[in-house]
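Here is a short briefing on one chain. Look over the sequence and the fold first, then read the points below.

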Amino acid sequence: MALRNAVMAALIEGEASGYDLAKDFDASVANYWMATPQQLYRELDRMAEEGLIHTRVVEQERRPNKRLHSLTPAGWEALRAFTARTPKPTAIRDELLVQVRAIDVCDTASIRASVADSKLRAEAKLARYERGRAAMLGDRNEQTYLLEAEAVGPYLTLLRGIAFERENIRWADLALATIDRRETTRHRCDSP
């Protein structure tokens, strides 16, 4: 999937600045697509050149001018075409998993520290996603929200991010317990 598809999906809700899109990517889209602000701004420029988005400048006092982006008819058509095709299977490329694969012959302490750091990041993301979920639901329960909400796509993708981070935490707990147990057993076996 190209970054442009994630940008077009983010613009469904209406006009947004690059700054707003970057915040949205960091807060909600990050659970399924990562992009730096620089990548995002470069892609917005390319999309404008290709006629997928319209950009207008809003002059502001005491602040730099703001560029607001919205989908053009060509952008809407490109988004429809993207959603009509079968998505490619997800491919995981996780450096931590490569390290864990080699844990039996490499620096166990460093790898354990990396797993622990990964768990902390997952816990922080999960907390942020749960706050977002609570804000979306307001005083409604999930079933009511899914029946009444005008747009359910952002909520459904947020649920996937929540499930993903919960699984990352569960796996990290298992990995840490296994590493600790093996180290304890190994040190007992090494004793004279």
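In α1, 7 of the 8 residues are buried, so the helix is largely enclosed by the rest of the structure. The buried residues are Leu3, Arg4, Asn5, Ala6, Val7, Met8 and Ala10. The model is a predicted one.

**Packing of α1 on α4**

- Two packed helices are described by the angle between their axes and the distance between the axes.
- Helix α1 spans residues 3-10 and helix α4 spans residues 73-84. Their axes come within 10 Å and cross at roughly 115°.
- Angles of 65 to 115 degrees count as roughly perpendicular. α1 and α4 are therefore roughly perpendicular to each other.
- The crossing of α1 and α4 is left-handed.
- On the α1 side, Asn5, Met8 and Ala9 make the contact. On the α4 side, Gly75, Ala78, Leu79 and Phe82 make it.
- By class, the residues of this α1 and α4 contact are 5 nonpolar, 2 polar and no charged.

**Loops on either side of β3**

- Arginine 62 sits in the loop between β2 (53-58) and β3 (66-71).
- Arginine 62 is not a glycine, yet has a positive phi of about 65°.
- Arginine 62 has a relative accessible area of 86%, so it counts as exposed.
- Threonine 72 is in the loop between β3 and α4.
- With a relative accessible area of 14%, threonine 72 is buried; the cut-off for buried is under 20%.
- Beyond residues up to four places away in sequence, threonine 72 touches Gly51, Leu52, Ile53 and His54.

- Glycine 14 belongs to the loop between α1 and β1 (16-17).
- Is glycine 14 buried or partly exposed? Its relative accessible area is 27%, so glycine 14 is partly exposed.
- Glycine 14 and serine 70 are 56 residues apart along the chain. Their C-alpha atoms are separated by 6.3 Å.
- Tyrosine 41 lies in helix α3 (residues 37-49).
- Tyrosine 41 counts as partly exposed because its relative accessibility is 37%.
- Which residues does tyrosine 41 contact, leaving aside neighbours within four places in sequence? They are Gly18 and Tyr19.
- Tyrosine 41 and glycine 18 are 23 residues apart in sequence. From C-alpha to C-alpha, tyrosine 41 and glycine 18 are 6.4 Å apart.

**Glutamate 165 in α8**

- Glutamate 165 is placed in helix α8 (residues 153-190).
- Relative accessibility is 3% for glutamate 165, so this residue counts as buried.
- The side chains of glutamate 165 and asparagine 168 are joined by a polar contact of 3.2 Å.
- Residues three or four places apart in an α-helix point the same way, because there are 3.6 residues a turn.
- Leaving aside neighbours within four places in sequence, glutamate 165 is in contact with Ala122, Lys125, Leu126 and Tyr129.

Note on methods. Residues are numbered from 1 along each chain as its sequence is written. This is a predicted model: local features need pLDDT of at least 70, side-chain atom pairs count only at pLDDT 80 or more; totals for chains, interfaces and linings use all residues. Side-chain values use heavy atoms; hydrogens and water are left out. Axes are lines fitted to C-alpha atoms, for helices over the stretch in contact, and angles run from 0 to 180 degrees between N-to-C directions. Helices (H or I, at least four residues) and strands (E, at least two) are DSSP runs, numbered from the N terminus. Angles under 35 degrees count as roughly parallel, over 145 as roughly antiparallel, 65 to 115 as roughly perpendicular and the rest as oblique. A crossing is left-handed if the near helix is turned anticlockwise from the far one by less than a right angle, and right-handed if clockwise. Contact means heavy atoms within 4.5 Å. Ala, Val, Leu, Ile, Met, Phe, Trp, Tyr, Cys and Pro count as nonpolar, Asp, Glu, Lys and Arg as charged, and the others, Gly among them, as polar. Buried means under 20% relative accessible area, exposed over 50%, partly exposed in between (1.4 Å probe, protein chains only). A polar contact is a pair of N or O atoms within 3.5 Å; within protein, one must be able to donate a hydrogen and the other to accept it, and residues adjacent in sequence count only if both atoms are side-chain atoms.
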